[in-house]
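This report covers selected strands, helices, residues and a chain contact in one model. The sequence and structure come first.

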Amino acid sequence: MTTTASAHSTERTALADPHPTRVCALDRLTPDLGVAALVDGVQVAVFLLDDGSVHAVQNLCPFSGASVMSRGITGSRADEPTIASPIYKQVFSLLTGACLATMDKEPQPGLEGRLRVYRAWVESGEVWVDISDSH
Amino acid sequence: MGAKRVVVVGAGMVAQRFVQSLRADDTDGRYEIEVYGEEQYAPYDRVALTSFFAKAGPEELLLGSQDLWDDPNVTLHSSTRVAAIDRDAQTVTLDDGSQRSYDELVLATGSSAWAPPVPGVDLPGVFMYRTLDDVAQLRDWVRAKQAIVGRPVRGAVIGGGLLGLEAAGALQSMGATATVVEFANRLMALQVDDSGGEALKSLIQRLGVQVKCGVATSEVVADADGNVGTLKFSNGGEQLVDVVVFATGIRPRDDLARAAELQVGERGGVVVDDACRTEDPHVSAIGECAAASADGFMSIGLIAPGNTMADVTAHRLLGRAEVYFGADTATKLKLLGVDVASFGDAFATTPGALEVVYSDPFSGAYKKLVMTDDASVLLGGMFVGDASAYATLRPMVGAELPGDPSSWILPEGQAERPDVELPDAANVCSCNNVTAGSIRHAVNEDGIHDLGELKSHTKAGTACGSCLPLVKKILNTELEKSGIEVSEALCEHFAMSRASLFSAIQVAGLTTFTDIIERFGSGHGCDICKPTVGSILASIYNGHVLADDRAALQDTNDRFMANVQKDGTYSVVPRIPGGEITPDKLMVIAEVAQDYGLYTKITGGQRIDLFGARLEQLPEIWQRLVDAGMESGHAYGKSLRTVKSCVGSSWCRYGVQDSAGMAIKLELRYRGLRSPHKIKVGVSGCARECAEARGKDVGVIATEKGWNVYVGGNGGFTPKHAQLLAEDVDEDTVFQVIDRYLMLYIRTADRLQRTAPWQEEYEGGLDAIRDVILNDSLGICADLDEHMTHHIDTYEDEWKAVLSDPKRLSQFTSFVNAPDQADPTLMYVEERGQRRPATPAERAELAAAGSEK
């Protein structure tokens, strides 16, 4: 049963038909307080920062295997905006998804030690995410 | 087995050290070790014997870790005396007549208390001061006398040395009066000179202890009941007494060695060479029972040389040649709260030596440095009343002392003290023989940059701890030298410590993170400084943790007011003050657990934890709990957790106070108080201590007269027993001292620093904290009291507040665009009738089963 290698790997599922998805109204977001969204079965963590920018990354924390990134604390390392996992406190870049502090832990088996970053933007007061456009 | 057998005779401190040292390095298991001790206890800290009176039981004095005695290569036979040694057969005979053979024999029989042969020395009520049983019997005698006489028990101590003064302190602590009778013309004749002795005498008399010097005791006379009643002195004087302690010296216990025809020193002690070997190559002697060549064949009654002998012997058995160079007789003591220290050539016996003396009759301090004739090299010193410079100066003996010598003995602030760089060979920790060089090596070569790790790696500061400030200083100096910044900075955004940030925010009156980081920091913050600021704001203003821009500062636990678990769900803990709960409330908790399928467990803090609640379920669950009259238990916060209690005098046959009632009052008083780390409190209704209060940050234990308050206990990674802060106080005073203790901790501790390390690192330690709290030495008590009153007056249940606020409730949503859907990745299996998160293997199985349907 190789297809069940990990129930965590939903984020990897490529979408046949890429399309932007409206997640919520901008005024539903509070600066620095993330929310989780379900976009075509993929859990996405969406953040509005105090500079007005919005960011979307995978909600799955690779080091704990729990879908919790939306509940982490935002911050900065030098000029790079960051998000810290609430479980074991790894810090990731909101721009590149790279893990900036592993806290001496390994990611869960089958998971990469970084976050997938999705394109997110605001259009006419609505927050949009495109999960086919990611890195 | 193939292992050789080492038999250790004696189970005192030095025996323990020997076994520990041998086991640490005997990685191949070349030796099995049998230890025979005549006392009923495992090796205990005899140096700290006096602290027995402030402790709950003998087990708190035990040395080192129990693991040593659980080691399969080590067997400890307590209450077993070795009666004879047969060197030819290499056997020892035990007191039951059985025999044990040895390959190596180590004598660590220590010494026994010696009393002069005056008439009446064996009367009931006359005690020695040497073993745990001695002090336990002394305590029982004083208590029993107290109950009969109806006035303070009259105590006398014969002997004005270290042990005598300790015994006088012990008598005083039990409410007895104390007179110290010393044959020599001054106290502590071995450590201090005439002027020092005079200073010590007046300091001690200020504390209510009477001192008679130059007086010999000629007889102890019985009273009508045949107990000790009167002391008669050589000068014709007399004194009425109810209890007498003889602390007139010790004699090495060398009787076994004498019987085995081993050579003994002129003044006793088994003669050993500089490798601690007796004339028999298979017999060693260590500690006070030994008379080493390096000490001029004199027995030394100090722990540090005993430890060195233990190490030298253990290493020799493993094939490493080491030499015992003789004792460093430097000592630093705190007697009845008075510092006494001497080191090096304290009596200026070196030809041409200069003495630099500072004496302050007002404070009572006496300080002296002994220098070479050109005042350049330090030879020794003596301190009475203030020994703060001891730790730095002692290792400098034989080295050039920079600057003006008097700068070291003038009161602090009156002269600039130069920075000294210790030579590598300087012995920093004399208990464990750790040099400045080996500490530097550990920092620079082994890359150890943390004080705790440095202690466990080098063993420096792990015995008496007096050198710790110096160890810390060396660590910081080395780190600075190698360009590693010894930074107090919280994180990259705040260049100051939590304590500085706390007062900065308080003084500036700032209330939002944006203002605070703009004024005192840089950047946008992070998961370290944000929760710290969130906690500080909560501590200062006691506003809601989710108010205004504060929600974004909180860790997930505080942000959702529940404890996050490994799968991202939360656990819920309603407050159950003092562990007391009605059946009605229990039923509501049970129904909630059942309806939401929550795994249910009783916590160590006497409440109930409900696991597996999803984010979006939390408000519904709390609505039901709040409706039933319950409130947040703050199990998720760095704040007061629980006040654990025993049932107390309302039900218990033994209880002397209402501990459950006290626990509830304390829990309601401090609930919601945000702090640098979690705070746990315990209340016991009698000295049996069923609530284990001394394992808590604050422990309150009932006495016949009121309550004792203990502080700084910790479980966790580094367990610590709480120390006595206030004794026999009434309820209002209990609240007052705890109010102040907690507020001082909240204001000055580091981030995530619990009370035990805070109290240890606070300048001046618990004594200084006590001074702040009880004597208002900083003049801040009114401020601390007001701050706590504000907390109590403004407390609100944070869950109740959220339930009535739609904006905050909207945060408790699974998916912003699909609020009806639960996290699809959560998977559970059942175990023992309840559910738990599936393991990765179980998840794979569950997913497979699902896809086959």
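In which sense do strand β9 (residues 126–127) of chain B and β16(B) pair, and over how many bridges? Strand β9 and β16(B) pair in the parallel sense, over two bridges. Two strands count as paired if DSSP finds at least two bridges between them. Helices (H or I, at least four residues) and strands (E, at least two) are DSSP runs numbered from the N terminus.

This is a predicted model, in which local features need pLDDT of at least 70, side-chain atom pairs count only at pLDDT 80 or more, and totals for chains, interfaces and linings use all residues. Residues are numbered from 1 along each chain as its sequence is written, while chains are lettered from A and ligands numbered from 1 in the order in which they are written.

**Strands**

Strand β16 covers residues 243–246 of chain B. B:V244 in β16(B) is the bridge partner of B:V126. Strand β10 (residues 154–158) of chain B also pairs with β16(B) in the parallel sense, over four bridges, and here B:V157 has B:V245 as its bridge partner. In a regular strand the side chains alternate between the two faces of the sheet. Both faces of β16(B) are covered, with B:V243 and B:V245 buried on one side and B:V244 and B:F246 buried on the other. A residue is buried if 20 or more other C-beta atoms lie within 10 Å of its own, exposed if 12 or fewer, and partly exposed in between, with C-beta atoms placed from the backbone.

Strand β33 (residues 679–684) of chain B is mostly covered, since six of its six residues are buried. B:I679, B:V681 and B:V683 point one way from β33(B), whereas B:K680, B:G682 and B:S684 point the other way. Strand β32 (residues 640–645) of chain B pairs with β33(B) in the parallel sense over four bridges, and B:S645 is bridged to B:V683.

Chain B also has an open sheet of four strands, with antiparallel pairing, in the order β28-β29-β31-β30. Its edge strands, β28 (563–564) and β30 (599–602), each pair on one side only. β30(B) is joined to strand β31 (residues 608–613) of chain B by four bridges, and the two run antiparallel. In β31(B), B:F611 is the bridge partner of B:Y599.

**Helix pairs**

Two packed helices are described by the angle between their axes and the distance between the axes. Axes are lines fitted to C-alpha atoms, for helices over the stretch in contact, and angles run from 0 to 180 degrees between N-to-C directions.

| Helix pair (chain B) | Angle | Axis distance |
|---|---|---|
| α9 (436–444) and α10 (451–458) | about 125 degrees | 11 Å |
| α16 (583–596) and α17 (618–627) | roughly 160 degrees | within 10 Å |

Angles under 35 degrees count as roughly parallel, over 145 as roughly antiparallel, 65 to 115 as roughly perpendicular and the rest as oblique. α9(B) and α10(B) are therefore oblique to each other, and α16(B) and α17(B) are roughly antiparallel.

α9(B) passes α10(B) in a right-handed crossing. A crossing is right-handed if the near helix is turned clockwise from the far one by less than a right angle, and left-handed if anticlockwise. B:S438, B:I439, B:A442 and B:V443 of α9(B) make the contact with B:L454, B:H457 and B:T458 of α10(B). Contact requires that the C-beta atoms of two residues, placed from the backbone, lie within 7 Å.

The crossing of α16(B) and α17(B) is right-handed. There, B:V588, B:V592 and B:Y596 of α16(B) meet B:I621, B:R624 and B:L625 of α17(B).

**Single residues**

B:L451 is found in helix α10 of chain B. B:L451 counts as partly exposed because 16 C-beta neighbours are inside 10 Å. Apart from residues up to four places away in sequence, B:L451 touches B:K472 and B:L475.

B:L778 lies in the loop between α21 (765–775) and α22 (781–794) of chain B. With 13 other C-beta atoms within 10 Å, B:L778 is partly exposed.

**Contact between the chains**

The contact takes 31 residues from chain B and 29 residues from chain A. On the chain B side, α15 (556–560) and α25 (840–852) are the elements that give two or more residues. α25(B) gives the most, with six residues.
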